[in-house]
Amino acid sequence: MLDADMILTALGAGATAGMTTTGAHMITDAYAELKSVIRRKLTAGGQPDDIIDGVVETARARQVLNDAGIPSDPEVIAAYRQVVALLEESTTFTVINSETVNGAAGTFKAPVTIHNAPPVGQEAADPR
């Protein structure tokens, strides 16, 4: 099940990703569908739909989404998953394998795991 914060994050990510990615039209279409589904559900339930455009505070948007049952609606979940899948496909990942890392620089997006341990089968060097 989704929660309101996940939906708000997808709405924000979909709004910006469509402007910067190679598959922009697919993301933009999926994002528009998610907004359309949520808008339809909100207005059918008598809830305000101004939260979709990101012009209200997060706490109010979260409350409206929860009151309308949006996070558990199957149609919303399907539209949300489509946006997230397209966003994930459009993300570029780089994998770097190294036996020794003496420092780090740059941007880390996640997942990033750094273990300060010797390679398997080797003992740690005495730091003295």
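The protein has 4 helices and 0 strands. Its elements follow the order α-α-α-α from the N terminus. Keep in mind that this is a predicted model.

Start with the whole chain. The protein has 128 residues, and 26% of them count as buried. Its exposed surface comes to about 9100 Å². Carbon and sulfur atoms supply 52% of that surface. Now look at how the chain meets itself. Take the contacts with a separation of 6 or more: 60% of them link residues 24 or more positions apart.

Next, zoom in on helix α3. This helix covers residues 58–67. Which of its residues are buried? They are A61, V64 and L65. Look down the axis of α3, and the buried residues fall within an arc of 100°, so they line one face of the helix. Go just past the end of α3 and you reach G69. There the backbone takes a positive phi of about 75°.

Stay with α3 for one more residue. Q63 also belongs to this helix. Is Q63 buried or partly exposed? Its relative accessible area is 44%. Buried would require under 20%, and exposed over 50%. Q63 lies between these limits, so Q63 is partly exposed.

Finally, follow Q63 to another part of the chain. A4 is 59 residues away from Q63 along the sequence.

Note on methods: Residues numbered from 1 in each chain as written. Predicted model: local features only at pLDDT ≥ 70, side-chain atom pairs only at ≥ 80, totals over all residues. Heavy atoms only, no water. Helix = DSSP H or I, 4+ residues; strand = E, 2+ residues; numbered from the N terminus. Buried < 20%, exposed > 50% of the residue type's maximum accessible area, 1.4 Å probe, protein only. Contact = heavy atoms within 4.5 Å. Areas by Shrake-Rupley, 256 points an atom, 1.4 Å probe, with all protein chains shown as cover. Arc of directions from axis to C-beta.
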